[in-house]
Structure formats: structure tokens, C-alpha cells
Amino acid sequence: MPAPDVAILGGGIVGAALAAELAGRGAAVTVYERTAIAAGASGRNSGVVWHPGDPILASLYRESLATYRALPDALAAALPAGVPERAFQLAEQPAGILAIGRDADVVRSIARGFAAAHPDIPTEFVDGAALASLEPALAPGLAAARMAIGFPVAPASATRAFAALARARGATIVEGVEARVTRDGPVATGIVADGTFSSAGAVVVAAGPWTPALIDPGGSWQPIHPYWGVIVELDLGDAAPRHVLEEADVEDATAPGAPREAAGSIGFSLVTAVGRSSLGSTFLPAEADPRAYEARLRERGASYVPAIAGTRTVGLRACARPLSLDGRPLVGAVPGIERLYVAAGHGPWGISTGPASAAHVAALVLGDPDPRVAAVAAATGADRFGAPPSP
């Protein structure tokens, strides 16, 4: 049976990885991106591939990590020498993540909890002189849970590498166009872009927080919401931390059931890749001017890493992280609509879990689902949120 023509809406990490996977398996693929490749959270977040605590997300992470390990060879085979995307490669060993705080008992509890849940990942509690030696960039008086996870990558680099691979394998990527799904009753028939209809044997919506509006323009099906993150880019030079840093419990704002009105608090995270440090974190329920948060982020950051106070800002950016109602992505067929698929809602874990989600959707589109990931497929299926209404 020949592979169907596939239209993908969205040029983030999931859409780009999906295009590369499908094109590599013989499908004719067109990606429609309304702005530019990696223009959303995939290119504007902090940029780190790391192990989520949730067991379903952790499974997707492990699959994604294997995909990243294979990516350099795939790029070398497909792209000519000198193409910048060929340089993409994860470090051999993780940088390590420090969950830091001033309450040693809280941090010690985090270390114990993570170690119990993930006995295969070296985890330790560190404070005092040992922490000062381990991470000299930190302010005194802190404690940390160190987890041997976390691979910093330059923002957008992974997405651009997958997009380059997709193009080399024959996929078409159209940027700067608005596209929408077309349906004939309960069947997706293709897309309309700039007023022109293009038929497709399958349509995959991988448009991050804008996914629900593309699947249900009426707005009643809303399993994914945007949480806006503001990032301050710094050049810390030799003062940059060796580890990925995160304030203890900073992810509570995106935990399932967290009230959206409580999500505007300022946390702290710092990720350094390719000489630049990305300072966060905010999880805002509505888009905001990054300049309004710069001073607050810098002040909070300097309380953990004093060198931030004397370092100028070299960039400001904001992105909408697409968070589902239960914290797990929607990956699979859209219930009630034939030939329509979704791969979105990864929250802050898009770079870490997106390539595996893309592989799962590709297998479904091609009629070749992998029974080995049945549990993950059940936990991430879009049907857990019900079917979108009929148009």
C-alpha cells in the first residue's frame, strides 16, 4: 500500500521531526508553517533535552534521546558538507541539573523523591562547601538536588536540523503561510493555504498552543492552553554555570490542576548552550511584553547566580508553551475525524519528547503502529479529551 500524501501544520520540533520521519519512510510530505521554522517554543524556549518526572513522558524522552543520538549520522548521510545543520549533536554526557533552594529539607526531599522514582539516574543532595565546589557560580546558603540528566542545546538548533533532514529526504516546507484543515463531514480532506486547496491523504496538526483552533475553529474543544515564557538571554562568559539550574518546584505552575491565575509567578531557571545563557522562568496565562519581566527575572536570577547582576542583557524573547489539561501531550488520531491526527501539548517538554511523539504519529499515519508503545499511546491519545464537535 503506498504511503499517503501528508500535510503537516506546524514547523516546530514535532512537525519538523515528523516530516523527516515520514519522508524517510516514503511519504510525500508538505509542512505548512505560518511564520518560520522554530519560530515558537521550539526555538524560543531555554533549550535543554532532559528527563521528565512523569513516567509516560519519561518513556517518550528515552525514545527521543535515541533519535537524537542517531540524528548526526542521518544528517551526514543526507546533507552535503558545510551545511550548518550537520553540526548538530548532543553531548556524550549530560551537564547535570541542579534543583536549588534555600530550604535544605525541601531540597533533600526532592532529591529523595527523584531517586526513588528513577533509581537508574544518579541523584544526590549537595549543600555547603560541597555545593560551592560543584557549582562555583551559585550564591552561598543554597542546597541542591543534583540529577545526572540534561543536555543543553542551542534554541532552534534541533528543530532546524530535523527540518534540514526532512528537506533532504524530499519534504516540502512552506513558511509564512496561514493554513487550515478542510473537512468533508467526518473526513479531513486536506488543507487550504492562502486561499488554495491542497488535498492530502492525512493531515497532522502539530501547531503547539494553536492546535485546538485548527482542529475546532468554533473553540469548544480546548485541551491545550498556552503558558507564556519570558527568557532573558545573557552572556555570562566564564561565569556561566556548569549545570542546568532550576529553582526547586519551579514546574508546579504547569502541574495538572494548577490554577491558571496562579501561573504568573516568577521562578528561576538558567540554561547555558553555545556560549549564551537563557534565564527564566515565567509561566504566564497570557502573552506579555518581555521587557515588563526583564528586571524581575534578573533580580531573582542574581539571588541564585550573583554574576547575573553585572551582566548585560543581550536578548529578550517570549514563547507560548503548549500545555495540555493533564500535562501529557496529545499524540494520535483525532477522535471522530478520519485522516486527521494531532501531535501537540508537550508543555515545556517539546524538545525532550517531541521526536518520539513524531515517530508515534508517523507510524499511525502509515498504518504501522508499534505495539511496544501501546501503553504510551493509550496515555497520550487525543480521545481522552473527547471528540471535537461537528462543523
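Which residue forms a salt bridge with Glu 21? The partner is Arg 25, and the closest N and O atoms of the two are 3.8 Å apart. By salt bridge I mean a side-chain nitrogen of Lys or Arg within 4 Å of a carboxyl oxygen of Asp or Glu.

Before I continue, a word on the model. It is a predicted one, in which local features need pLDDT of at least 70 and side-chain atom pairs count only at pLDDT 80 or more, while totals for chains, interfaces and linings use all residues. Residues are numbered from 1 along each chain as its sequence is written, and side-chain values use heavy atoms, with hydrogens and water left out.

Let me stay with the salt bridges. A search of the whole structure finds ten of them.

I turn next to Glu 233. This residue forms a salt bridge with Arg 276, the closest N and O atoms lying 3.1 Å apart. Because Glu 233 is in strand β13 (residues 224–234) and Arg 276 is in strand β16 (residues 276–282), the pair ties together parts that are 43 residues apart in sequence. Helices (H or I, at least four residues) and strands (E, at least two) are DSSP runs, numbered from the N terminus. Glu 233 counts as buried, at 19% relative accessibility, whereas Arg 276 is partly exposed, at 36%.

Glu 233 also meets Arg 317 in a salt bridge between side chains, at 3.0 Å from N to O. Here Arg 317 lies in strand β17 (residues 313–324) and Glu 233 in β13, so this pair ties together parts that are 84 residues apart in sequence. Arg 317 is buried, with a relative accessible area of 9%. Elsewhere, salt bridges with shared partners join Glu 21, Arg 25 and Asp 368 into one network.

My next topic is the helix α1. Its twelve residues should span 16 Å at 1.5 Å a residue, and its end C-alpha atoms are 16 Å apart, which agrees. The expected span is 1.5 Å times one less than the number of residues in the helix. Is α1 largely enclosed or exposed? Ten of its twelve residues are buried, so the rest of the structure largely encloses it. Among the buried residues are Ile 13, Leu 18 and Leu 22. After α1 comes Gly 26, which has a positive phi, near 100 degrees.

This brings me to the nonpolar cores. A nonpolar core is a set of buried Ala, Val, Leu, Ile, Met, Phe, Trp, Tyr and Cys residues joined through side-chain atoms within 4.5 Å. The largest has 49 residues, and those with the most contacts inside it are Ile 8, Leu 22, Val 29, Tyr 68 and Phe 88. Elements that each supply at least two residues of this core include β1 (6–9), α1 (13–24), β2 (29–33) and α3. The helix α1 gives the most, with nine residues. Apart from this core lies another, of 28 residues, among them Ala 137, Leu 270, Ala 302 and Tyr 304.

Finally, the aromatic residues. How many aromatic pairs does the structure hold? There are four. Rings of Phe, Tyr and Trp (its six-membered ring) pair if their centres lie within 6.5 Å; planes under 30 degrees apart count as stacked, over 60 as edge-to-face and the rest as tilted. The rings of Trp 50 and Trp 349 have centres 5.1 Å apart and planes at 35 degrees, so this pair is tilted. The two residues are 299 apart in the chain, Trp 50 in the loop between β3 (48–49) and α3 (55–78), Trp 349 in the loop between β19 (340–344) and α9 (350–365). Trp 50 is buried at 10% relative accessibility, and Trp 349 is buried at 8%.

Tyr 68 and Phe 162 form another tilted pair, because their ring centres are 6.0 Å apart and their planes are at 50 degrees. Tyr 68 lies in α3 and Phe 162 in helix α6 (residues 157–168), so the pair ties together parts that are 94 residues apart in sequence. Both Tyr 68 and Phe 162 are buried. With Phe 88, they form one aromatic cluster.

Technical notes: Buried means under 20% relative accessible area, exposed over 50%, partly exposed in between (1.4 Å probe, protein chains only).
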